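Biologist: I'm new to reading protein models. Could you walk me through one, a feature at a time?

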Amino acid sequence: MEPKERTESKLRVFIFILGFLVFLGLAGVVGGFYALHHYGRGLPDYKQLADYEPPMVTRIHAGDGRLMTEYATEKRIYVPVQAIPRRVVNSFLSAEDKNFFNHPGVDFVSLLRAVVTNLANIGQGRRLVGASTITQQVAKNFLLTNEVSYERKIKEALLAFRIERTFSKERILDLYLNEIYLGGGSYGVAAAALNYFNKPLDQLTIAEAAYLAALPKAPNNYHPIRKHEAAIARRNWVVRRLEEDGHISAEEAETARNSPLEVQRRDETEVVDADFFSEEVRRELVELYGSDQLYQGGMSVRTTLDPRLQAIADRVLRKGLLAYDRRHGWRGPVTQIELEGDDWQEKLAAVELPAGSKPWRLAVVLELSGKSAGIALADGTQGTLPMSELSWARKWLKNQRFGNKPKRPSEVLAVGDVVLVEAVEANAKGEAYEAGTFGLRQLPQIDGGLVALDPHTGRVLAMSGGFSFEQSQFNRATQAKRQPGSAFKPFVYLAGLDSGYTPATLILDAPFVIDQGPGLGKWKPANYSHKFYGPTPMRVGIEKSRNLMTVRLAQTIGMEKVADYAKRFGVDDNLQKVLSMSLGAGETTLMRMTTAYAMLVNGGKRITPSLIDRIQDRNGATIYRHDLRLCETCTQDYQSEGQVPELEDEREQIADPRSAYQVVSMLQGAVQRGTGQKIKAVGKPLAGKTGTTNDSFDSWFMGFSPDLAVGVFTGFDNPRTLGRRETGASIAAPIFRDFMMGALENQPAIPFRIPPGIRLVRLNAETGQLARPGDQKVRLEAFKPDNVPTGQQVLIDGGYTPSSGQGAVRVRGSSGGGLSGGLY
């Protein structure tokens, strides 16, 4: 071929190739536009990432800052990218996307390299490699699924371009490092650092940071224990990349590669045990902010809980409920198993420990003798139940009655019985037992609650809602509506004092009958003793819990007024205006009653019980405060000046503070001389009142010191009698006493505060008359200046004429309200 022809031939080939390339380019452009149009339709809204906040743990803290519990869907600790150490950031960049700060969302160089590498890998049967950038991973993790398809990869790339145009590189890194899952329940690098190495991010070594950066692709494939060698190999690969990228020196790389990969178990967080309190806080947070904010919002909640008082509350409530249960007999074993053969341990191990039994254990009775029972635990440990630990187990009978005291173990147990036991070291007299001695235990059927709060602020310091949260999450402090019985009487007497009566006013203690109407029979209230005591000072009516005196006073001042005071103090917002309600026949909760008593001792000022002091959002901004008062001078330094800031008292006055103090004084007398005498053992100024309902269905003790209000309720969840002679004094009062013993230990004996306008007058304690020289029993009684006694006595005699409707109570010389001075 001639040179000219060869030249023309080459030119034609060149033109053909050029045309083909142009065609391919045009096809690529058209295809690109088509792909953009086709796959760009319906893409997720990437702009939502601007406001994205990763799900975080909400933490509930006690009043002293200790952790109570956490609520979360993902255990994540959020750390802004600016606060993440550079060695951690560099490790992830070298491992996942070294050109992150240079590419527009897709790294074309890495993509081409991956294509070439994969072509070779396919021929050699090796694992394919990827080339997804950090931006693409953010697009996939936040906006797409994990579906493996070319369509998802195209959408991922398109979203990556859009994300890069919209957000800064720092924002993209922030999203990635705090969202990525790194195995072991770790979401984000901060949680992973704690879970794998028990360290904060700023204490990680190069080797540890490199290991975390090795995990995003497949955390399970590089488990530090189960797949230790693969984990080290992958970590060292990241170390090599760090060295190649110039982030670390050769010496640092060598040190990191030779470092052992050791996992450190995360320190156990000290957690305050307050399940009922925490659950009540959880419900309140859901009501305020919703479940999503609670479980994903990363709030920090500071509660009012005092851990020391909570521990005392849980301990004394369990002790009191167990003491009552032991008084009423043994209801039998958990179950029975056959001891024939050698598999009794397997049979025992298969028996489920009843909820609420911890720390007790299950044991099987192997043999019985005249003085003890031989037992064994599921682990083979053997021991004895001596008769001294079985003597309480009298047979339980209907209506909380019980049989005779057992004399032999066989009267309580049988071979094969599976029972609850607890290791004991000494008997009731303090005499030491031999090793391997156990005591017989039984879950109580009775339950109850205890609430302790600050009477000045309403801050709930402790709350126990039952014997065991594991056994029942029903909170008897806030959810159980029960009759308070005589514990309601102080509010009847407070209404009487505000009506002009005094603690020395005489009220007739005598039979009282009302015809309730056709077919309803007669209502005949009676005292617990079923006796009548004649004219008696009002003070004694509270101290001795006299029903007939309370009914006469309520009839005199009117049930309208009694209902008003019940509403003012939050006991019952809609108390029925019938006389039986004056004896506590209406239903209320322990929390309401404790708050009401708190408002007696604080001088009649309204408070609202609160479990939460402050809530902060994930950024530390306060979004809730219980105390909304502003204090503009609280940031000043008062130490040098010896001053403290003064805040305005915004509490509403709902009763005369003088009348409230008179009730406090009478309730103090109930502890000294009346139904609450068991409380005297505390040895500090205390006041309180028992409460027992008809047929002993409910048992209460409500009381306070000058700065701590406490309420105790006990009863069966399905109301039934607590048994003969069981009252608030026998069940609830000992729990109250034991709580106050612990709560006020090492505290000074603070007297109750007397408000202005109270005069203390010496009275004869036996007659209620003004004291005279030579009187042996004299007490100080609190009076208001306008009704200090002058010697004249007025009697609420209860004179009435039974009729088909209401009885009419007659007060000699006065009507029921606005009495003039000189009456007491």
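**Reading the model**

Modeller: Let's begin with Val 286, which lies in helix 11 (residues 275–289). Helices here are DSSP runs of H or I, at least four residues, and strands are E runs of at least two, numbered from the N terminus. Keep in mind that this is a predicted model, where local features need pLDDT of at least 70, side-chain atom pairs count only at pLDDT 80 or more, and totals for chains, interfaces and linings use all residues. Residues are numbered from 1 along each chain as its sequence is written, and side-chain values use heavy atoms, with hydrogens and water left out.

Biologist: Is Val 286 buried, exposed or partly exposed?

Modeller: Buried means under 20% relative accessible area, exposed over 50%, and partly exposed in between (1.4 Å probe, protein chains only). Val 286 has 26%, so it is partly exposed.

Biologist: And what does Val 286 touch?

Modeller: Contact means heavy atoms within 4.5 Å. Not counting residues up to four places away in sequence, Val 286 touches Ser 291 and Leu 294.

Biologist: Now Asp 174: why does that one count as buried?

Modeller: Because its relative accessibility is 6%. Asp 174 sits in helix 6 (residues 169–179). Leaving aside neighbours within four places in sequence, Asp 174 is in contact with Tyr 78, Val 79, Pro 80 and Val 81.

Biologist: What is a nonpolar core, then?

Modeller: It's a set of buried Ala, Val, Leu, Ile, Met, Phe, Trp, Tyr and Cys residues joined through side-chain atoms within 4.5 Å. The largest one has 79 residues, and Leu 600 and Phe 704 are among those touching the most other members. Helix 19 (residues 590–601) gives this core its largest share, nine residues. Setting aside neighbours within four places in sequence, Leu 600 has contacts including Phe 491, Phe 569 and Phe 704. A second, separate core of 49 residues includes Val 79 and Phe 167.

Biologist: At what angle do helix 2 and helix 9 cross?

Modeller: Axes are lines fitted to C-alpha atoms, for helices over the stretch in contact, with angles from 0 to 180 degrees between N-to-C directions. Helix 2 (residues 86–96) and helix 9 (residues 228–244) cross at roughly 100°, and their axes come within 9 Å. Angles of 65 to 115 degrees count as roughly perpendicular, under 35 as roughly parallel, over 145 as roughly antiparallel, and the rest as oblique. Helix 2 and helix 9 are therefore roughly perpendicular.

Biologist: Last one: what is the mean pLDDT of the chain?

Modeller: pLDDT is the predictor's confidence in each residue, from 0 to 100. The mean for the protein chain is 86, though pLDDT stays under 50 over residues 800–824.
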